[in-house]
Amino acid sequence: MLRYTLHRIALGLVSILILTMIVFAAAQVLPGNPGRLVLGREASPEAVEKFNEQLGYDRPLPVRYADWLWGAVRGDFGANYNDGRPVTDDLVPALERSAFLAFYAFMLCVPISIVAGAIAAIRRGRAADRTITIAGLSLAVIPEFVVGAILVAVLGPALLGWFPGIAGPLIGASFFTKLDSLFMPALALALILFGYIARITRAGMIEALAADYTRTATLKGLPRRTVMTRHVVRNGVLPTIAVVATQVGYMFGGIVAIEKLFGYPGVGLLTLTSAQIKNFPMLLACVLVIGIVYFIATLLGDLLTAALNPRIRLSTAQ
Amino acid sequence: MSGVRDDVPQLPVLVDAPPAGQPSLTHLDSPGRVRRETLRQIVRSKTFLLGAVVTLFWLVCAIFGYWIAPYHPIDESFAPSYESPSWSHPMGLDRVGRDVLSRVIVGARSVIVVAPAAMALGVTLGSILGLVMGYFGRWVDNVIGRILDAVLAIPLIVLAILILTALSAGQEGINVSSWQLIVVIGIAFTPPVARTVRSAVLAERDLDYVQAAKLRGERAPYVMFAEILPNVTGPIIVEATVRLGYAVFTVATLAFLSYGPQPPSPDWGLQIAEQYADISLAWWATIFPALAIASLVVAINLITDTVQQVLDE
Amino acid sequence: MTAVDERAPALELRDLEIAYRVRGRDREVVRGISFTVGKQQSYGLVGESGCGKSTVALAAVRYLPRNGRVTAGSLQVAGRDVLALGGEQLRGYHRDVVSMVYQNPGSALNPTIRVGKQVTEVFALRGVRGADARERALAILREVRIADPEQVLRRYPHQLSGGMQQRVVIAMALATDPSLLILDEPTTGLDATVEAEVIDLIAELQDRHHTAVLFISHNLALIRKTCQNVGVLYAGELVEEGPTEEILQNPRHPYTVGLLRCLPRGGVRKDSRRLDTIRGFLPAIGEHLPGCVFVHRCGLAQPVCATEKPVDTPVGASHRSRCHFHERAQQLPHDTEGAAVAPVAVDRATTPLLRVDDLTKTFRQEGHEIKALAGVSAVLWAGETLGLVGESGSGKTTFARTLLGIVEPTSGTVEVDGRPLPPTLGSRSSDDVAALQIVFQNPDSALNRRHTVRRMLKRTLAKLARVSGGAAEARAGELVEAVRLPERALSARPTGLSGGQKQRVAIARAFAGEPRLVVCDEPTSALDVSVQAAILNLLVDLQGSHRTSYVFISHDLGVVRYLSDRIAVLYLGRLMELGPAATVFEPPHHPYTEALLSAVPTIDGEQRTRIELEGEIPSAADPPSGCVFHTRCPRKLGEICESEEPPLAEVEPEHLLRCHIPLEELRVMQGAPHEQPVAP
């Protein structure tokens, strides 16, 4: 298990390193003169030069990459183009907000989707299965912002008025105000994930139900409930863990549109605004942070799967 | 290993004519018959029909939208703005007094042009990459796999934003052409397609026919494209239909984030972005384009689901 | 629950019909079968793939797949109407009355739960828990002869070998003293020596637990060893049943007669006679069969057979046959597909076709070195067959793949016609590539599903024989004819061909480039017995007409003996014995060869005394010191076997043996006649 863990972490680090290269390379399609770009046409040449020098844009590419990487490792992602403040000043609170929203969405969706997927598998081919499958499938492909817009139109101030249509920064808001204000964005994210997780759970459960060991257990004369809990569910839900983990990462894709829709200043909205004003240090930092979150989530998912699967847990331990 | 599971009702059938004087055998499982029955199963499925009808409807709108729409989509001459749905404007008017119904009908075009092209590009690149990774394995697989993993770590939308922003770096604001959208989404789709194809190829690579091809001196490109590729078309077709749905998803989302057609285009995602702020005043200006997107992706997905189910059986 | 008749038979089927629903249509798989298994009796159900035997078993435990259902008839187990059981009753039935063991023991055990918990679970159902349940589990594992049950209880299933897993499954099945134990191909996929042990174990336990057994197998010899009575299934009908020995000696249905004739038995060899075959194919599942189910393939068929179903007729004491002409069954005409063979003249004076010298292959896996081949040498002349025999992990397949250049040898050389061959396929000339070809085990995997037969053959001809266009078309036609397929087969894809036909296409492809040597890697083991004989005949014919040499790998010793001129016995990558087929198969021979031969049950009269092998095949990553076989050798001399590896010595002309025991002593031990065996 230890060897597997180390191996897995090493692979993750390699991927993160490649990720930084890709992200940094993308940013290098930049025009030769960020100072001019940022300061505008009216700025004096001296000011532009001073800006470039301050930010180190007059040095060769590998040096800049190494410098940036070294800074990033220490948590220093550089300074903003527009006001020169450290990127992390805005990044950290945004990350906290997004984490809260993502966690909320997961709490709303994971338990329900796993149960729904399991029910669909057990009632395979019946009405319950068809309903869950078709609903899940449809929800999984509708863009988050569309779901969000429809939710707001129906539950928001326009018609029913149950929840606010805008979240805002929620600075100093109480926990329950947050839950209330973020209910609709979290629900929009959760609905997308519901179909995905339910489908994987269903597939895993169907495989476990059809497995020879389930037949063995049934033919032993075990009560149906014991067969399900002891033999089917554990093997059937195992593949779901890794999928849920990868979804943590993908959720940050959906979060961009949702945060824009609800005006909630998290990492998603920060990514979008820094892209639109071409604040590259901020954009790079956002993308990198999102990538790292993805790696940590998949790493935890894989380790949890391995811990529950004796085949992986024991194979490399010997 | 004989006695592979007994009784699984998939007995192969024979090309031989029965020996003279014997009754002819009915070919219950002949390949032609299986194909016909499979197609019939797909076509008869209600979910497939629903999906096909809705998809076709939007396709017609995309092509003939300007002729079908009752008004011109960017005609702002109707007043007052934000009029609620009525007989003359069944979906109401938007903020600047344009007919929402006409905008929804014509708005189908941008999505329906970009999404299939992006899907085709992604599936082509992904299939080639997946074949190469799966066939060569070892370090080739490892190196490409690491790079794909790195790319996969960035959510699709964020990756697209990053590249599209970089592409318009030298210009004022963000300008995104349809070509750029197709290329960027196509590239972003490559890693997941490559992964799917790779695992299908891995299952084929160890089959003896690949070995047999090598044993008559075939080179790698022939083995990959003439021997293995025809056997992994099933997963590729499924992946293509899945990707088509996600392409619509992505194009619409990017348009909403203003990485797409610019105003006054009647693009659905853009409409929502423009009208959403006033949703409490005029829900119709937001909800109809939203429903249009939802109906199209769900319809494509219903087709995907049926194809997948029937191919899996 | 209603009162249960204590005297009721263990299993009683009456006119049972079962159908599967496929693509919206019901397909009949079991077409009205009736038989009875008495209390504590053993009954074998034999049949080829697709005949419905597993379906019967699944119906008996009420575990048919979702699309299968019983459409008519009754099924009683120990006095219970199984088809009527529901809910708690069904659970009680599973718990107390019936047990089942199936193939693939690896998948029958839950991969995420320790063996101990899975075994004690059975006792917990009866209220035995904690230390008591553990004691019972240990006892039952000891009963299935697991040496260190404490260890095994702590293991996960994947940490046990296949044989060990199957013992655990059997232990769980017998733990409850069921009235009926169903064994569905319980040894398929296990090595011969392991299979023999499992079969012995089952027989012994059946006696001790007073359990009735329904034994399902495609292998008549196994059924002969385990069952008093046997039923022969064909296309979902029971065509004949009766006492096992009676059926074997005096079969009364043309199908049974044909099936028994197909098997290479009694030391028959390719130069003495051709094998009988059963022409035609099994009818498709669900096909409408108004008359006798065997009519399409029967040499005795009359018009009445096609129109009228034969009735179940008693033909002896508890012996029944479903044939209109059962009294003539044994006069079934011999069907050998073509003329008798002309033996290939082998000229030993010429340069040998193949010379393999000290071939070794070491794989590296997670820091371990695995010696798959440890110095194997062999010589083969044109037109000869070298049979390779050994259990899994013996290096048979690695040897074959090294010859072909698919696997690069670590050291050693391969010469063809006196010319050394480059070690890898990529570095060989196209003539070298054409000279060595292979027929794979599984024709489904060997043929590209998306290509027509014409495309496969023409492409191979273009690459290996450099013919194309009209000439290639003509050659493809000849090849198809040579393997006795109709010309129309050229346009078919593999999905339109039966298993035997696919294997014929694979053989045609192997012969397209006029190879000097063809490796046959278990070419018939994925096929049914009736198809196997025709393929073996074909291989013999092609060898006769092309003077091709074969390296023939098979776990079926009867088949190897039929086809081979010389036989190599491999164990853990080492050559243990090499010699003429007759010499190797008759004593005196290597103790390992002796054990292998004794493990295989036969359908002929005498039964060898079983030589039991201790323990499992050691890991190739950590082979035993000295003679690698000493850990399991029943004839081990003593310390010398553990410390010193015996050389491969020529103990008599052409007969090489790797053993410390002198040949004369082996002769005495193995009860061989004292005179020199006659060389063929």
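## Two helices of chain A

In chain A, F252(A), I255(A), V256(A), I258(A), E259(A) and K260(A) of helix α11(A) meet V267(A), G268(A), L269(A), T271(A) and L272(A) of helix α12(A), two residues being in contact if their C-beta atoms, placed from the backbone, lie within 7 Å. By class, this contact has 7 nonpolar, 2 polar and 2 charged residues; Ala, Val, Leu, Ile, Met, Phe, Trp, Tyr, Cys and Pro count as nonpolar, Asp, Glu, Lys and Arg as charged, and the others, Gly among them, as polar.

The axes of α11 (residues 224-262) and α12 (residues 267-276) of chain A come within 7 Å and cross at roughly 80°, which makes α11(A) roughly perpendicular to α12(A) (65 to 115 degrees).

## Basis of the description

This is a predicted model, in which local features need pLDDT of at least 70 and side-chain atom pairs count only at pLDDT 80 or more, while totals for chains, interfaces and linings use all residues. Residues are numbered from 1 along each chain as its sequence is written, and chains are lettered from A and ligands numbered from 1 in the order in which they are written.

## Contact of chains A and B

Chain A contributes 47 residues and chain B 41 residues to the contact. On the side of chain B that touches chain A, α12(B) gives the most, with 10 residues. The residues of that side comprise 30 nonpolar, 8 polar and 3 charged.

## A strand of chain C

Strand β15 (residues 385-389) of chain C is largely enclosed by the rest of the structure, because 5 of its 5 residues are buried (20 or more other C-beta atoms within 10 Å of the residue's own, C-beta atoms being placed from the backbone). L388(C) stands opposite I553(C) in β20(C), and its bridge partner in β21(C) is A568(C).

Technical notes: Axes fitted to C-alpha atoms, helices over the stretch in contact; angles between N-to-C directions. Helix = DSSP H or I, 4+ residues; strand = E, 2+ residues; numbered from the N terminus. Parallel < 35°, antiparallel > 145°, perpendicular 65-115°, else oblique. Buried ≥ 20, exposed ≤ 12 C-beta atoms within 10 Å, placed from the backbone. Pairing = 2+ DSSP bridges.
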